[in-house]
Every structure is written in structure tokens, then in C-alpha cells.
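Hello,

As promised, I am handing over the structure for you to look at.

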Amino acid sequence: MKYISTRADKTERGFSEILLEGLAPDGGLYLPQHYPQVDAATLQRWRGLSYAELAFEVLSLYIDDIPADDLRDIVRRTYTEQVFGTPQITPLKPLEPGLWLQALSNGPTLAFKDMAMQLLGNLFEYELARRGEQLNILGATSGDTGSAAEYAMRGKQGVRVFMLSPNGRMSPFQQAQMFSLQDENIHNLAVEGVFDDCQDIVKAVSNDLEFKRRYKIGTVNSINWARLVAQVVYYFAGYFQATRSNDEVVSFAVPSGNFGNICAGHVARMMGLPIHRLVLATNENDVLDEFFRTGTYRVRQGAETYETSSPSMDISKASNFERFVFDLLGRDGERTRRLFKTEVEQHGSFQLAPHEFARVAEYGFVSGRSTHADRIATIRTTFEQHGVMIDTHTADGLKVARERRTPGEAMLVLETALPVKFAAAIREALGREPERPSALEGIEQLPKRYTVVPPKAQTVKDYIAAHC
Ligand SMILES: *Cc1c(COP(=O)(O)O)cnc(C)c1O
């Protein structure tokens, strides 16, 4: 399988070439040249597989430059009961007939980003060893991504992580999750500033090309194709658990921010998995809901980007969205570049032509949005009616799922985090503390390992240079 950019650069690259990269050189995102088709006989064969075996089957359709035995070994080491807490890895929790939660948040950091990041850690270690190279991952986080990256890369050969976070602004639980790591290759830098300061520093360091090359600076952001393809697997796993035969169709409802999770659902559907609809749920940051209602994609300004109680979906633009638009436009790279480069850079928005927008329904997409009051009400009713405690992001998904679901439609709502990560909302909704996995009791009392730094790119550069 070869990979191409969404912006008309026709250069073909192998999986191992794009694994350690972010954007394509022309500024686009990588996609496979075509989506491998999964026929009825293959679906039937996959139905009985364990999660790790299923992951191997899906990934090997997209990765042909890692020997099969090595890939199988990587996947088996990644998706274990020990790491994900259950033998099914992503078990279903029934709410009522035809409506389930699919648990994607039983990994080490209790959010769905572990599903892909744990694989990425093992792939990075393998590829760097093969090349005899090292990589220094630099990132900024306000919570989920940074901790998922650290837990994926801890103790890995050839990789160091330098993670910036706003000092004192993460929840005590999230801070404890990250800062309690004692691995020598993990560096937590608490920046005296806000999240934007952290991001500005990452940009400034990355723009210093000489420094970037010399210290082999890389990222693990959500546009990485390997992360996306890892997420395709759980759509298959959810489908097999919810159905008895491959004649059945199911829909998925997905809490969305950067369009990474649901883009994997789009890929699964393009491969032939019988997905009826993909229900996209946003919070008050409704860039994507607006697009799926109107055909207009409008990037928000800082002042229009709200801090909500489902913070991992607080986005001003959706960094993976270009992949879907490329497919929607019949893979017209010139048109995709005009929309995302020229129009978005000049006007902050684009509008599809009516005949282009009309095709959205063929791809199964519908959308909705949710507010803080909706989240609180959904958390409360779900606990009262089903005895199930959900987090705020999953609540956004469930709220929109209930709104959009038609009678008899089988629907899986992706559970993207556990409630313990967002305790304040649980207290507000239920008047009690969230449930906590026993392994994480008392995590706030563990010794912490981090360094406070002023909001200056030079200080961060000096720190990196001193620790390489
Ligand atoms: C990252 C995240 C999301 C949003 O996922 P995207 O791939 O950005 O759409 C939703 N919920 C939680 C808990 C997350 O961490």
C-alpha cells in the first residue's frame, strides 16, 4: 500500500516513510491510495478473531513494509488484557435493546487515545531500532493527548518525550497521571502560562529547522495516519459484538473534536464494513456540526472557542477533516488544496457547492451538538436509568445518538473517556465522586517528577539540549 497527500502532490510513500512524519510536504494529510475492500467471506472469517488478531488483519492491509511476523508480534504485545483491562479490549455495555456503549477507555490513561497511541509507541520503537535512529517527541497538552503519549512511549528505546503543560491548570488527577511517571525518557515541563503559551513554544521550537534537525524533534499529533488506522479496528470489533450475522447494519455515534475518531469510522465504512450511519456529536464548539448541517466549514477565532466541560473536544478547527473532504470531492486534490489552503487561509472558511454537499448523505454522516446542561442531564439520566456512570464526552455522544436514532436502528455510542478524569462534572450531575479503577487509588499522593519553566522557547530548547 502506498500513501498520497490530500493536496495533489502525487508522490507515493510507504507506511514506514510516513509513520514518523506529520503533514505531507505540500501541507496535506496522508491517505492510502485506495481503501482495501473487505468482502463477505473475509468479514465472516474475521468475526471469530481476538482483538489482536483482528488488528493484525486490518493493519496488514495497510502496512506492507513491515514483515508480517514482526507486525503480528507488535500487535500482540499492544492489545493485551493486561494493558486494556478486559479480554475483549473494547467491550460493549448494553443500555437498552439496540443501544450500546463501546468502551474505548480501559487503557492506561482511561481515554480512547490509548487505543492508537499504545500501538504507535511500539511501532515507533520498532522503526527507530530498524533505522538506528532516535526521536525526541515535543508536544503541548491540556490533558488527554499528553498523558496517552507518555504512557505509550515510557521506557521505549530510542524515544524521549518532552511534554509541555500549563503549570497548575490541569485537573489534579490528570496532573498526577503524567507527573507520577518516573521513566527517564519522559520529561514533564510545567510552563508558567496557559495552554496557548505551550503551543506557541512548540511552534517556535519546530520552526527552528536547524534545532529541529539537530535534535530530531518529532510529534505524535492526531493527523498521524498510523493513529487513524489503529482506530479503524475497533469499528470492526464493535460491529462483530453487536451483530450475529454480516447481513446486519449498525450505526456509530462518535463524540468529535479533531475528526480523528470518526474519520476512522469513515475509513471502516469505505472498506465495506456494514455501517449504516456515522452520527457526529460536538459540544458547544460546533465547527463540524455546522458543516454537516450547512456545507460551510468555518474555523473559529480564539474568542469564539469555548472552554467546556468536555474539554478534549474544545477545538477551533478540525485537523483531520481534510481527509473526509478529499474523499467527498472524489479525491480531487487541487480542489481540496484550494478549499483548505487558499480559502481557509484567506477567509477562514469555505462553502461547498450544493451538488458537492448533497453527497454527504451517501457517506452516512449526520450530526448534532450538545451543551453543558445536556451533558449534566445525560450523565444523570444514564446513571438513574441504567446504573452506568459516563464521562462528559461520552455524554455528548449519547445525547446526540438519542436525538438522531430512528426506531429499530442499532447504534453503538463510543465511550471515549472514564468519568474519573472529569470529576467536577460528575459531582455536579450526581452529587458524588466518580468511580475510580482500583489501580489508580491514591495516585495524587505519588511522588511527582516535573520541571517548572518560564514561557520561553529558549529555556525549553536548552532543557532539551541538556537531556539528549
Ligand atoms: C480526543 C478526544 C475526543 C475527540 O476525538 P477526535 O479524534 O479529536 O475527534 C473525544 N473524547 C475524548 C475523551 C478525547 O480524549
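A backbone N or O atom of Asn 258 lies 2.8 Å from an oxygen atom of the ligand, a polar contact in the sense of a pair of N or O atoms within 3.5 Å. This is a predicted model, in which local features need pLDDT of at least 70, side-chain atom pairs count only at pLDDT 80 or more, and totals for chains, interfaces and linings use all residues. Residues are numbered from 1 along each chain as its sequence is written, and side-chain values use heavy atoms, with hydrogens and water left out.

The ligand is surrounded by 15 residues, each with a heavy atom within 4 Å of it. Lys 113, Asp 144, Gly 257, Asn 258 and Asn 261 are the closest. By class, this shell has 5 nonpolar, 8 polar and 2 charged residues; Gly counts as polar here, and Tyr, Cys and Pro as nonpolar.

For the record side, UniProt places "domain: Tryptophan synthase beta chain-like PALP" at residues 90–333, from an unreviewed entry; such annotations may be inferred rather than shown by experiment. The span is 42% helix and 20% strand (DSSP runs: H or I of at least four residues, E of at least two), and its end C-alpha atoms lie 35 Å apart.

Best wishes

Terms used: A polar contact is a pair of N or O atoms within 3.5 Å; within protein, one must be able to donate a hydrogen and the other to accept it, and residues adjacent in sequence count only if both atoms are side-chain atoms.
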